[in-house]
Amino acid sequence: MPDLLPLLRSTFGHPAFRANQEAVCQAATDGRDVLLVMPTGAGKSLCYQLPALARGGTALVVSPLIALMDDQAHKLTAAGLRVARIHSGLSRDDSRQACRDYLNGTLQFLFIAPERMRVPGFPEMLARRKPSLVAIDEAHCISAWGHDFRPDYRTLGDFLPALRPAPVIALTATATPTVQRDIATQLHLQQPSLFIHGFRRENLAIEVLELSKPQRTEFAVDFLRDPARRPAIVYAPSRKAAEELAGELTRALGKKTSPGLASGTRVHAYHAGLDPGTRERVQREFLAGSIEVVVATIAFGMGIDKANVRTVLHIALPASVEAFYQEIGRAGRDGLPSRTVLLWSYADRKTHEFFLERDYPILTDLNRVAASLTENFESPGNLMPRLKMAPDTFARAVEKLAAQGVAQLDVAGNLRRAAAAGSNWQAGYTQQVDFRRSQIDRMMAFAQGQQCRMSALIRHFGDTSDAHRPCGHCDFCAPASAMAQTLAEPSAGQDSHLRAILRALDGQSRATGKLFTDLALTKDRKIFDSYLDGLARAGLIALSSENFTNPEGSVIPYRKASLTHEGRELAPGAPLGVLLSASSGASSTKKSVQKLIANGTTAQSTPDEEAKLLKREAQKKRIASREELAATFTAEQQLLSNRLKEWRKEEAASNGRPAFFVLTDALLLEVVFARPQSLSQLGAVKGMGQAKVDLYGAAIIALCRDASAPARFGDIAGKLRHPRPQSEVSTADDGYPAEPDRQQAPTAFRREHSHGATSADTLTPSQQALEDSLRAWRKSESERMGLPQFFVLGTSALRSIVLARPRTLAELARIAGVGPDKLDRFGAAILALTNA
């Protein structure tokens with residue numbers, strides 16, 4: 001094998017290897033399989049490109065994004081190398097020519113998209129002339145436990161044996177230890193050399209700031225006014241948010257000009273909704289420097305190698321720590337000091353939970369699609385009408401079934417049941433959903449954490465050799481140098497409050513919520529939390545995340561505070577060394593009011609008038625928050641929201657009450673996002689008490705189960721007030737009122753649910769014994785699954801089972817709240833108790 005250093009210098013013009021590159025290149029050149037986890041900007045691409053040249057022949061590179069593929073191909077071509085690409089953005093003639101060049105041996109690199117392996121005959125064509133090396137870029141896409149899983153990547157391992165003896169090198173910047181093991185398993189890597197290091201970015205200062213959504217646009221504008229903080233990438237949570245913020249930044253920082261003409265500070269949005277030409281132009285001009293700020297969704301960044309990005313700003317919480325690390329890695333690739341700022345609030349979690357529910361259909365939908373698949377390929381256009389399923393739901397169900405190995409797709413999108421489909425795929429799917437939720441939990445924990453930001457990221461990725469050294473310049477290690485927030489020494493009053501907290505923690509750890517209530521130092525919880533954060537930054541207390549399970553089976557997270565060694569040893573009267581945010585002395589709402597008064601918006605500044613303004617400002621923020629969430633509605637959700645509002649208006653009018661007595665706006669929003677399909681699901685919606693379920697559950701479920709049906713709100717309301725005899729109501733196999741006769745639904749729902757309201761005092765000894773047994777079983781089952789008890793069986797459904805005491809599955813299926821999923825999973829166990 002040739003000496004790698006001369007080849008590095010002559011081909012790529014680099015005088016020497018970067019840290020950790022040489023060992024990786026040598027292993028791949030020697031023909032060993034390699035798993036490389038190296039951070040963005042550390043030189044991963046060279047680790048397959050140089051070995052490919054050293055080995056001769058053609059290297060096959062699998063890449064997930066056209067932009068990433070094109071960027072790397074253009075750089076190799078500019079270096080004088082022979083490169084071809086095959087992806088959907090190229091013509092059929094170009095793709096055929098690339099295949100001919102590959103078979104003729106005239107290429108040094110062939111880039112393909114993973115979907116290409118589904119094209120009949122294409123894998124066989126690759127196997128006719130073995131590649132010299134196979135590189136799988138962005139390899140985390142292979143793993144169902146990664147942050148950007150793609151089913152087409154999952155199947156790559158099936159095609160690699162035909163391409164051997166070529167070594168396989170899998171490369172990624174964002175793989176946790178779990179993902180690393182999964183990549184090696186799925187690709188069938190043969191005794192791979194593992195290179196997991198280099199996650200520390202010495203020049204990157206990370207700041208995390210809790211800030212409400214309405215305040216973030218103003219923050220972004222103010223923060224990016226300083227030219228030293230540009231070029232910048234701003235990550236927004238949605239296309240709409242990206243467009244709106246880009247507009248605000250354009251108005252504040254400079255004029256948007258025609259392509260190629262720089263004037264002031266040019267800003268542009270970037271997201272998947274833009275046409276390909278616009279996206280390419282934005283990308284090109286950002287790299288060239290004529291665009292200084294890109295406001296983007298996660299669609300932007302892969303393959304963007306711009307060395308001098310000074311700032312990466314997130315205006316919402318990312319979905320995972322892996323995604324966050326990958327995105328901040330686009331700052332400071334030139335080695336100069338750069339900064340990343342994460343803006344977040346608890347409301348961001350609700351947004352991610354909505355996307356989780358949207359992207360992962362309920363198991364019932366997946367079961368329906370799976371049951372419809374046969375051994376023959378069939379068009380989705382034929383399957384969807386038979387299933388009466390919305391196209392979006394169907395597409396996501398198919399994607400998840402393919403990921404679980406149940407469905408197989410051809411290049412045209414037709415599908416059939418996979419030959420090797422397992423019988424226990426439902427458990428794998430449930431585990432996958434739980435994992436996605438845990439990623440949100442870990443991102444929240446990072447945002448709330450009181451520790452060195454860089455060390456926390458390094459530990460997350462399993463780089464244990466470098467996980468404990470503080471970075472020295474994040475907002476935790478060096479709060480005085482923070483740029484996203486102003487920190488100052490506490491006032492005399494604040495110093496007194498801080499010492500009161502330390503005294504209260506002497507000799508015991510305490511839940512922060514209880515501490516806030518008992519000490520009553522302030523009425524504003526955010527101010528109190530800022531005290532805790534300041535004490536934690538100073539190393540005087542430690543904050544930990546804990547959970548407890550309440551009597552209803554719900555898992556409730558909370559934070560606990562305890563003194564550190566330094567906190568216990570602090571001498572009375574000694575300086576605390578605490579720095580507090582400048583906003584710690586007043587709530588953001590109060591500051592807004594004071595700003596209004598200072599600006600002359602109101603001439604009154606009496607306590608009464610200020611209280612009124614405080615209330616008004618708080619109301620505005622609540623409305624703005626709801627409007628922001630509503631802006632994320634899909635067309636289906638918007639339709640459901642409109643119909644719920646119409647029903648609410650009519651229901652309120654019939655009772656002579658305001659609409660909020662039926663459903664508040666906030667509760668209506670929760671219902672739209674949850675879209676409950678049963679009374680037990682409705683009862684689990686935050687804010688939906690038992691009384692509302694009893695009064696309005698039938699009508700709400702009827703609307704949620706078919707938001708597109710013609711409105712019959714008057715009928716629904718009338719049936720609720722004048723129920724029909726039970727004998728007139730028919731039920732479907734799942735125990736709910738038969739479809740499509742929606743006007744029968746309210747009576748059936750109310751009759752079933754009324755059993756749940758029976759007082760325990762009226763139960764017979766036999767019924768009470770059964771209820772006790774069911775509750776004990778439910779608790780045990782929920783603990784085994786790691787889920788709240790109502791996920792196993794709702795309280796109303798449990799009481800209905802006690803009263804009806806079903807002896808067969810058919811009888812159990814008629815109980816409200818026991819749908820097909822629960823029947824399949826828990827039916828046998830329940831009947832064992834009812835028949836005991």
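Buried denotes under 20% relative accessible area, exposed over 50%, and partly exposed the range in between (1.4 Å probe, protein chains only). The model shown is predicted: local features need pLDDT of at least 70, side-chain atom pairs count only at pLDDT 80 or more, and totals for chains, interfaces and linings use all residues. Residues are numbered from 1 along each chain as its sequence is written, and side-chain values use heavy atoms, with hydrogens and water left out.

**View A. Side chains of strand 1 (residues 34-37).** Strands (E, at least two residues) and helices (H or I, at least four) are DSSP runs, numbered from the N terminus. Val 34 and Leu 36 point one way from strand 1, Leu 35 and Val 37 point the other way, and all are buried. In a regular strand, side chains alternate between the two faces of the sheet.

**View B. Pairing of strand 1 with strands 6 and 7.** Two strands pair if DSSP finds at least two bridges between them. Strand 1 pairs in the parallel sense with strand 7 (residues 193-196) over four bridges; Val 34 stands opposite Ser 193 there. Strand 1 also pairs in the parallel sense with strand 6 (residues 168-172), over four bridges, where Leu 171 is the bridge partner of Leu 36.

**View C. Helix 26 (residues 635-655) and helix 29 (residues 690-705).** Their axes, lines fitted to C-alpha atoms over the stretch in contact, come within 10 Å and cross at roughly 155° (angles run from 0 to 180 degrees between N-to-C directions). Helix 26 is therefore roughly antiparallel to helix 29 (angle over 145 degrees). Contact (heavy atoms within 4.5 Å) involves residues including Trp 647 of helix 26 and Tyr 696 of helix 29.

Definitions and conventions:
Parallel < 35°, antiparallel > 145°, perpendicular 65-115°, else oblique.
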